Amino acid sequence: MALDLRGRIAFPLLATRPLFRRNDVLSNYRVAIVGGDGIGPEVIAEGLKVIEAAGIGLETTEYDLGGSRYLQDGMVLTEDILDEWRSFDAIYLGAVGTPGVPPGVIERGLLLKMRFDLDLYVNQRPFKLDGSHDFIVVRENTEGAYAGEGGFLRKGTPYEIATQGSVNTRMGAERAIRYGFELAKTRNNHLTLVHKTNVLTFSGDLWERAFNEVAEEYPEVETAYNHVDAACIYFVQDPQRYDVVVTDNLFGDILTDLGGAVSGGIGLAASANLNPSRTGPSMFEPVHGSAPDIAGQQKANPIAAILSGAMMLDFLGEQNAAAKITAACDACLDVTGSTSEIGDAVAAKL
Ligand code: ATP
């Protein structure tokens, strides 16, 4: 592991070219496709249609995973598949979740396992408000309350105890924070830390110290701090104050849903689960679930999946194509029609 001059772990961030890109003659990116359940395959089909229309070649391999697959043969995700994915450029996922699957099986066995095993340590979600303002939330994606620390004592008895700890490492907090500063530098040079330092005096202290120390390396970036409860108010009443927000796993989970609710709703919310060190593939998915109520009816809005595809291209180094797709989506926000008609409308703008 590389150490920088001060003896800390150095994280290569935001390499300008993707490490896995083949030469331009064989420029197809290798992408693992997990359509998943419900509307997942429908919206991913539109994302792939639009990427093709943007002139980007993908060499895709489909994986039948998710709740339906689990109900068929009990398979969630194998080590072999994870190993295969390590050589891919990216993973493009629709949605997973099927009624009848016990809670946690797919979340822990597929989504969280991908995050942990592929070290997708940043969850990035962009938000665009009416008018021109947009901001981005960078959520630490591998630690905190979601690390799986804890357990039961005397389960099922009246004296039952459940503990669920929040795991915060200096390395984990620092690499997410550093990513936030790097991202802010490419935008408006403003980064807000969101936590609850007044009550979470251990984890909050670690995050605050890491934030302030990394901030010294980025004098050009203006910083701010909000407690998470205040941030909930500002997300609704004054989101213009934000450019880039960095926060922990649990707060980020909640804040990003709130951000989605104030900026166009679930049909537009895109996300990226990034391994910014680029030691393996990153994963791109719309925020919405499998929506079993409208599955198979061509009623789903594919824009969130298409925008997630644009985030994938951006991360792979195809910034022009990504910007064009994002602009085409913006121009099609009022388009009504079936899932594939909306996809056609976006593709036609390119
Ligand atoms: P999960 O826990 O997997 O997020 P969920 O049931 O909480 O699942 P969704 O599957 O996202 O959430 O569905 C919530 C509601 O939003 C449903 O009524 C669904 O039809 C609607 N919905 C979700 N995605 C879309 C979409 N792309 N287009 C239109 N409606 C959608």
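Contact, as used throughout, means heavy atoms within 4.5 Å. The model is a predicted one, in which local features need pLDDT of at least 70 and side-chain atom pairs count only at pLDDT 80 or more, while totals for chains, interfaces and linings use all residues. Residues are numbered from 1 along each chain as its sequence is written, and side-chain values use heavy atoms, with hydrogens and water left out. Helices (H or I, at least four residues) and strands (E, at least two) are DSSP runs, numbered from the N terminus.

**The sheet**

- An open sheet of mixed pairing is formed by 10 strands, in the order E2-E1-E3-E12-E11-E4-E5-E10-E8-E9; two strands pair if DSSP finds at least two bridges between them.
- Strand E2 (58-62) and strand E9 (222-227) are the edge strands, each with a single partner strand, so one side of each has no neighbour in the sheet.
- From one strand to the next, the twist averages 25°; axes are lines fitted to C-alpha atoms, for helices over the stretch in contact, and angles run from 0 to 180 degrees between N-to-C directions.
- Strand E4 (residues 122-128) and strand E11 (residues 270-274) run antiparallel and are joined by three bridges. In this pair, Gln 124 is opposite Ala 272 of E11.

**Helices on the sheet**

- Helix H4 (residues 105-117) lies across strand E3 (90-95), strand E5 (134-140), E11 and strand E12 (282-286), and runs at about 145° to E12.
- Helix H5 (residues 170-185) also packs on the sheet, where it touches E4, E5, strand E8 (190-195), E9, strand E10 (244-247) and E11. The direction of H5 makes about 165° with that of E5.

**Strand E8**

- Six of the six residues of E8 are buried (under 20% relative accessible area; exposed is over 50% and partly exposed in between, with a 1.4 Å probe and protein chains only). The strand is therefore largely enclosed by the rest of the structure.
- His 190, Thr 192 and Val 194 point one way from E8, whereas Leu 191, Leu 193 and His 195 point the other way.
- E8 runs parallel to E9, and six bridges join the two. Thr 192 stands opposite Ala 224 in E9.

**The ligand and His 288**

- Around the ligand are Ile 39, His 288, Gly 289, Ser 290, Ala 291, Asp 293, Ile 294, Ala 300 and Asn 301, a residue being near a molecule if one of its heavy atoms lies within 4 Å of it.
- Polar contacts are pairs of N or O atoms within 3.5 Å; within protein, one must be able to donate a hydrogen and the other to accept it, and residues adjacent in sequence count only if both atoms are side-chain atoms.
- A nitrogen atom of the ligand lies 3.4 Å from a polar side-chain atom of His 288.
- A side-chain N or O atom of Asp 293 is 2.9 Å from an oxygen atom of the ligand, and a backbone N or O atom of Asn 301 is 2.9 Å from a nitrogen atom of the ligand.
- The ligand taken alone exposes 610 Å², of which the protein buries 54%; accessible areas come from the Shrake-Rupley method with a 1.4 Å probe, and for residues only the protein chains shown count as cover.
- His 288 belongs to the loop between E12 and helix H9 (303-316) and is buried, with a relative accessible area of 10%.
- Not counting residues up to four places away in sequence, His 288 touches Ile 39, Val 43, Gly 94, Ala 95, Ile 266, Asn 301 and Ala 304.

**Ile 51**

- Ile 51 is in helix H1 (residues 40-53) and is buried, with a relative accessible area of 2%.
- Apart from neighbours within four places in sequence, Ile 51 is in contact with Ile 56, Leu 58, Tyr 92, Gly 309, Met 312, Leu 313 and Ile 325.
- Ile 51 and Leu 313 are 262 residues apart along the chain, and their C-alpha atoms are separated by 8.4 Å.

**Loop residues**

- Most residues other than glycine have a negative phi.
- Asn 189, which is not a glycine, has a positive phi of about 55°. Asn 189 is in the loop between H5 and E8 and is partly exposed, with a relative accessible area of 25%.
- Arg 278 has a positive phi near 60°. This residue sits in the loop between E11 and E12 and is buried, with a relative accessible area of 9%.
- His 133 is in the loop between E4 and E5, and a polar atom of its side chain lies 2.8 Å from the backbone oxygen of Tyr 242.
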